[in-house]
Amino acid sequence: MSSDERTREQWPPWRTQVEAADTTPIGRAPENRRQALVKLAWVGIWLVYLGAPVSDLAHGTYGALVTTAAALGLTVFVVSYLALVFLRTNTRETPERWVYAVLAGQTVLSTLLAATLGKSWLVLFVYVAVACGAALPIRQARWALPGATAVLAVVGISVDRSGDLYPALVIPSLLGGFAMVGVKRLVRTTQELREARETVAHLAATEERLRLARDLHDLLGHSLSLITLKSELAGRMLPDRPGDAAEQVADIEKVSRQALVDVREAVSGYRRPTLAAELAGAQIALASAGVAARIHPDGAPPGLAPDAEGALAWALREAVTNVVRHSGASTCVVALASEDGVATLTVSDDGRGPGEAHQPGNGLTGLTERLILAGGTLDTARSGDGGFTLKASVPLNAAPVAAERHGTGE
């Protein structure tokens, strides 16, 4: 699989655009004509229950003036209903004043048409209830729905005494209205989940940028410091010691190539340094800087998880880089120890040490973040002989330690 194919799998904007052209995300307004038509079809399909008032007008029971006025009133009602359900998609916004005005107008229009034309028009109140559930905030809809149903019952009693009013209209009015409230709750939950997903994606991207920044700082800071140091040595050896200078230039080439490999691995997310490699690199870097190195022991403590070992390896690299670049020390001591389920790396030198007002730089800040991700801590202080001490601690994996002790008979 090529890198382009992996990119399309992980983040397919082309697929998102195609899907967006076909469907409207829940809780969002339509973004194009196709989405608008699909949503209008879903909303308009429920208008089939207006067949009773339309049939009442089609029978020709009323005069031309009454029929025209009733048809006009029904058209205004349907348009206002579609506008409310279609446009009110954001469940978090406070409704505009026109929403309340339209709902009030629908209630008045339904009352007028049902009271003058008969029980066939009582179905309009069901649509009023659904519109209240769709357009009003949930806390207001809880009161508006019983109110609209109460108006339906009062008007219904005056125009229909057959007793079919309650099962035919009152119950559907309440059920339809509160069902729309439930749909609104679902829409709100979907919006919150979508926002949470976007937040998680943003945090993941931010964390990846921080990881890359930490890796590049630690990798390039160490490698460039070593290159600079060896370049200075090679310059001092020329022209009297060309053989030794050539060795330093060869080392510079090796360090440069390794730095390039490390940067590629860091960008790819595969870089995980080991303590053994960093200890060996620390000896070379300190020796090149003329700093006597005392390292004990020369390996990682048993039971150290890969992530924890990687965090300590980064800590060692950062500490040695600071010794080489800033300390002016003649001796550096590196100690690895494990006790009470905690592995500790201590790096101390006899150099100048930081001033009282010194603030941690990007290296120590990034190192602190790495150790926190591994469940560890970082402590820094002035050493007893005036230098600087860095102490990094990470938890051990209890299972390997127990297995090793059992195998050795402890």
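This is a predicted model: local features need pLDDT of at least 70, side-chain atom pairs count only at pLDDT 80 or more; totals for chains, interfaces and linings use all residues.

Colleague: Which residue in β5 stands opposite threonine 344?

Modeller: That is serine 393. Another pair involves valine 342, whose bridge partner in β5 is proline 395.

Colleague: What is the strand order of the sheet?

Modeller: The order is β1-β2-β3-β5-β4, in an open sheet of five strands with mixed pairing. The edges are formed by β1 (292–296) and β4 (377–382); each has a single partner strand, so one side of each lacks a neighbour in the sheet. On average, neighbouring strands are turned by 10° against each other, direction ignored.

Colleague: Which helix packs on that sheet?

Modeller: Helix α11 (residues 275–288) does, touching β1 and β2 (331–339). The direction of α11 makes about 165° with that of β2.

Colleague: Back to β4: how many bridges join it to β5?

Modeller: Six bridges join β4 to β5, and these strands run antiparallel. Within that pairing, threonine 380 stands opposite leucine 390.

Colleague: Why is β5 described as largely enclosed?

Modeller: Six of its eight residues are buried, so β5 is largely enclosed by the rest of the structure.

Colleague: Let us change topic to charges. How many salt bridges are there?

Modeller: The count comes to two salt bridges. In general, side chains of opposite charge can pair when their charged atoms come close. One of the two is formed by arginine 317 and glutamate 278, with the closest N and O atoms 3.1 Å apart. That pair links distant parts of the chain, since arginine 317 belongs to helix α12 (residues 306–327) and glutamate 278 to helix α11, 39 residues apart.

Colleague: Are arginine 317 and glutamate 278 buried or exposed?

Modeller: Both arginine 317 and glutamate 278 are buried.

Colleague: And which residue forms a salt bridge with arginine 241?

Modeller: Arginine 241 pairs with aspartate 244, and their closest N and O atoms are 2.9 Å apart. Arginine 241 counts as partly exposed because its relative accessibility is 43%. Aspartate 244 also counts as partly exposed, at 29%.

Colleague: Now the helices. Which residues of α4 are buried?

Modeller: In α4 (residues 51–58), the buried residues are Pro53, Asp56 and Leu57. Seen down the helix axis, they fall within an arc of 95°, so they line one face of α4.

Colleague: What do the buried residues of α4 pack against?

Modeller: They pack against α5 (64–87) and α6 (97–117).

Colleague: Which glycine follows α4?

Modeller: Glycine 60 does, and its phi is positive, near 70°.

Colleague: Another residue, then: where does glycine 221 lie?

Modeller: Glycine 221 is in helix α9 (residues 165–237). It is buried, its relative accessible area being 14%. Beyond residues up to four places away in sequence, glycine 221 touches Leu216, Thr321 and Arg325.

Colleague: How far apart are glycine 221 and glutamate 318 in space?

Modeller: They are 8.2 Å apart from C-alpha to C-alpha, and 97 residues apart in sequence.

Colleague: Finally, confidence. What is the mean pLDDT of the chain?

Modeller: The mean pLDDT is 77, and 81% of the residues reach 70 or more.

Colleague: Where does pLDDT stay under 50?

Modeller: One such stretch is residues 1–23, for which the model has eleven contacts beyond four places in sequence. Residues 398–410 also stay under 50, and there the model has six contacts beyond four places in sequence.

Notes: Residues are numbered from 1 along each chain as its sequence is written. Side-chain values use heavy atoms; hydrogens and water are left out. Two strands pair if DSSP finds at least two bridges between them. Helices (H or I, at least four residues) and strands (E, at least two) are DSSP runs, numbered from the N terminus. Axes are lines fitted to C-alpha atoms, for helices over the stretch in contact, and angles run from 0 to 180 degrees between N-to-C directions. Contact means heavy atoms within 4.5 Å. A salt bridge is a side-chain nitrogen of Lys or Arg within 4 Å of a carboxyl oxygen of Asp or Glu. Buried means under 20% relative accessible area, exposed over 50%, partly exposed in between (1.4 Å probe, protein chains only). The arc is that of the directions from the helix axis to the C-beta atoms. pLDDT is the predictor's confidence in each residue, from 0 to 100.
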